Amino acid sequence: MTKDRMMMKRVSLLVGAVAALGGAAHAAPAPAVNEGYDWAMRVNEGRVSDAILAYEVDGTDDQPLNFRCEQGGNRIFAGISGNAPDLTAIELVAGDAALRVAGNTEIDEMPHFSSDEIAGDSPLIRAFAAHGWLRMTDGRGTVAMAATARGKQVIKDFIAFCTG
C-alpha cells in the first residue's frame, strides 16, 4: 500500500469516527422511569376508532401528557390538561429527534392544551417508538417520561394503531 493510500485510509477512519461520535454527542440520554408512571393506551370504539396514549399513574388523573389519534390516520395530537392558560407550544425530545409543536389552550373548567398535528411517521414519533421515552418542555418546565418494558410495547401498539 502506498503512503498516500495509507494516509487516505487513516483520514477516512478518523472522519468516520468523528462522525459517529458527533451523532452520539447529540443524542439525549434516556431518563429513568418515574415511580408509578407508565404509558397506557385506551381505544374508543365509536363511529371512528380513536385512541389515547397517556403517561399516567394508573387510577389517578395525574397525567402530564397524552397523545390521541384516529386509527390509520397517521396524525397524532398532543394534549395537556391543567397547564398555563397561555401555553401555545411544547418541545418534545426522544433520542436524537426534537420537535417544537404549536397548539392552543382552551379554558373550560381548567386549561387544556391541544397541539397541532404531528405526523405519525415523523422522526420524533419514530424515535419515541424506538427508545420508549421522551422529554417535554412546556410553560412550567421539563418532564422526562420513560416507559417500563410493558409501556414500551404500548407505545409501539399506539403508533401502529395511528399509522395503520
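Two strands count as paired here if DSSP finds at least two bridges between them, and the strands and helices themselves are DSSP runs (E of at least two residues for strands, H or I of at least four for helices), numbered from the N terminus. By that rule, strand β6 (residues 97-107) and β7 run antiparallel and are joined by five bridges.

The model is predicted, so local features need pLDDT of at least 70 and side-chain atom pairs count only at pLDDT 80 or more, while totals for chains, interfaces and linings use all residues. Residues are numbered from 1 along each chain as its sequence is written, and side-chain values use heavy atoms, with hydrogens and water left out.

**Strands around β7**

- β6 and β7 make a hairpin, with three residues between them, and Ile107 stands opposite Pro111 of β7.
- β7 also runs antiparallel to β4, to which three bridges join it; here Ile80 stands opposite Phe113 of β7.
- Pro111, Phe113 and Ser115 form the covered face of β7, and His112 and Ser114 the uncovered one.
- As background, side chains in a regular strand alternate between the two faces of the sheet.

**The nonpolar core**

- A nonpolar core is a set of buried Ala, Val, Leu, Ile, Met, Phe, Trp, Tyr and Cys residues joined through side-chain atoms within 4.5 Å; buried means under 20% relative accessible area, exposed over 50%, and partly exposed in between (1.4 Å probe, protein chains only).
- The largest such core has 34 residues, and those with the most contacts inside it are Trp39, Leu65, Phe67, Ile90 and Leu92.
- Helix α3 gives the most to this core, with six residues.
- Leaving aside residues up to four places away in sequence, Phe67 touches a set of residues including Trp39, Ile52, Phe77, Leu92, Phe128 and Phe158 (contact means heavy atoms within 4.5 Å).
- In soluble globular proteins, nonpolar side chains tend to be buried together.

**Salt bridges**

- The structure holds five salt bridges, each a side-chain nitrogen of Lys or Arg within 4 Å of a carboxyl oxygen of Asp or Glu.
- Asp38 and Arg150 meet through their side chains at 3.5 Å, N to O. This pair links distant parts of the chain, with Asp38 in strand β1 (residues 37-44) and Arg150 in helix α3 (residues 149-163), 112 residues apart. Asp38 is buried, at a relative accessible area of 9%.
- Glu56 and Arg42 form another salt bridge, with their closest N and O atoms 2.9 Å apart. Glu56 lies in strand β2 (residues 50-57) and Arg42 in strand β1, 14 residues apart. Glu56 is buried at 9% relative accessibility, whereas Arg42 is partly exposed at 41%.
- Arg75 and Glu117 also pair up, their closest N and O atoms being 3.4 Å apart. Arg75 is in strand β4 (residues 75-81) and Glu117 in the loop between β7 (111-115) and β8 (118-119), 42 residues apart. Arg75 is partly exposed at 37% relative accessibility, and Glu117 is partly exposed at 45%.

**The disulfide**

- A search of the whole structure finds one disulfide, defined as a pair of cysteine sulfur atoms within 2.5 Å.
- Cys69 and Cys162 form this disulfide, with sulfur atoms 1.9 Å apart. The pair links distant parts of the chain, from Cys69 in strand β3 (residues 65-70) to Cys162 in helix α3, 93 residues apart.
- The torsion about the S-S bond of Cys69 and Cys162 is about -80°, so the disulfide is left-handed.
- Cys69 and Cys162 are both buried.
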